[in-house]
Amino acid sequence: MPNSPKPDTSSYCIALQPICDANMAHVADELLYRATSGASSAVIENGLTATARACNAAFYEAGIESLCGRRQLFFNAPREWLLNPALLPPSPKQVVIEVLESVEGDEEVLAALRHIKSQGYTVALDDFVLTDSTQPLLDLADIIKLDMLEQPPTRKQVEHYLARGITLLAEKVETKKEFDQAKAIGFTLFQGYFYAHPETRQSTAFKRGRNQSAQLRLLGELQKPEADYNELERLLVQEPQLGVQMLRTVNSASYNLSQKIVSLRQALGLLGLNRLRNLVTMLVLAHDDPCNMLLLPQALTRAAMCARLAARDCKENKEPAFMVGLLSMVDVLLGQKLELLCDHIALAPNIRQALLAHKGPLGKTLHLVKAFEKGRLKNASDETVTTLNQYFLESRIWTNQVLDGMDK
């Protein structure tokens, strides 16, 4: 019987998972090694290889500031990585070295961690379980990540860690109730999908303080081939917070305009319809609650990746592809069914089909990007995976530039 060919691991993907504080502010990201071209799910054949690839992509190809701005980046480090100081990533004040759960607290590891801390890095213990072999690690830990789904800690354990002055991060927080419970017993950092599950609301039951009707009419007007700029300005005036945020964003470095924009009319005239459409859609999706600001980086990165793929593979303009990617997360971001939004907005048929059924060139592009996000690229070629990883890095950098304008 012939030997099975070894999987080709020359292509790989990375991803970033958000970490928030008790106010749901996006304060950090965890760097993840996500897939190989032959994998049906995220697979790591070799921990050292995965770490080296993720480190190279994040710190040297893209740069931590481009990917994360001022936020911290959690970096998973296997034992061999900890023991070799030359492999440590740059930016010690911004990087959290995450000690994997398989690492024990022997003298060699403890000495390495003391050196790491002396260089200015923060040390976190991943999926920490207190045993005789891991107990020594507590003396060097700044953060402990605890699994709230499979191995939830007891209150006594939480109190023990807090008494040592250690910051607690709750992992695998799946619901808002679990988030509130963890917060109540002393956790101050959180990671999981509690902010990502859609909570569908009726169109008449949106939160107060937002003119949802004006926003939907605004999006509808922007979908017209010949939008009425007088009508756009009138609708923006009805949602002053959105208008102010739009001015802040277009004045950020990401838009690279030669002059400062000081009025809505000026912004409408200088941006052009395509850029205005994308910007307003992004702002509408963002201004609901803190959860949206955690999800918005993913939505924008997805949209930018769709646009890049469409520009490469499709005859269609990249602007519709960007809109498809952005609107594909509307169920989570607005708490509204995608079908309902499509009914409110006169979307082009190809955009509607792509969103609701993944049909057509735009639908295939969206499907591929979503598969990349989940690390499920079993049928993708090495060339495709390499391209997707490149587009992810480029899109994430662009996203961070855009959000930097929104944070002001």
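View 1. At 18% relative accessibility, His26 counts as buried, because buried means under 20% relative accessible area, exposed over 50% and partly exposed in between (1.4 Å probe, protein chains only). This is a predicted model, so local features need pLDDT of at least 70 and side-chain atom pairs count only at pLDDT 80 or more, while totals for chains, interfaces and linings use all residues. Residues are numbered from 1 along each chain as its sequence is written, and side-chain values use heavy atoms, with hydrogens and water left out. You'll find His26 in strand E2 (residues 26-36); helices (H or I, at least four residues) and strands (E, at least two) are DSSP runs, numbered from the N terminus. The side chains of His26 and Arg71 are joined by a polar contact of 3.4 Å. That term stands for a pair of N or O atoms within 3.5 Å; within protein, one must be able to donate a hydrogen and the other to accept it, and residues adjacent in sequence count only if both atoms are side-chain atoms. The His26 side chain also reaches the backbone oxygen of Ala28, at 3.2 Å.

**View 2. Met24, in the loop between E1 and E2**. Met24 isn't a glycine, yet it has a positive phi of about 60°. With 8% relative accessibility, Met24 counts as buried.

**View 3. Lys172, in strand E7 (residues 167-173)**. Here's another residue that is not a glycine but has a positive phi, about 55° for Lys172. Lys172 counts as partly exposed, at 31% relative accessibility.

**View 4. Strand E3 and its partner E4.** Five of the six residues of E3 (residues 72-77) are buried, so this strand is largely enclosed by the rest of the structure. E3 and strand E4 (residues 95-99) run parallel, joined by five bridges; two strands pair if DSSP finds at least two bridges between them. Look for Asn76, which stands opposite Glu98 in E4.

**View 5. Helix H13, largely enclosed**. Nine of the ten residues of H13 (residues 318-327) are buried. Among them are Phe322, Met323 and Val324.

**View 6. Helices H16 and H17 meet**. Asn350, Ile351 and Ala354 in H16 touch Leu362, Gly363 and Leu366 in H17, where contact means heavy atoms within 4.5 Å. The residues of this contact divide into four nonpolar, two polar and no charged. Ala, Val, Leu, Ile, Met, Phe, Trp, Tyr, Cys and Pro count as nonpolar, Asp, Glu, Lys and Arg as charged, and the others, Gly among them, as polar.
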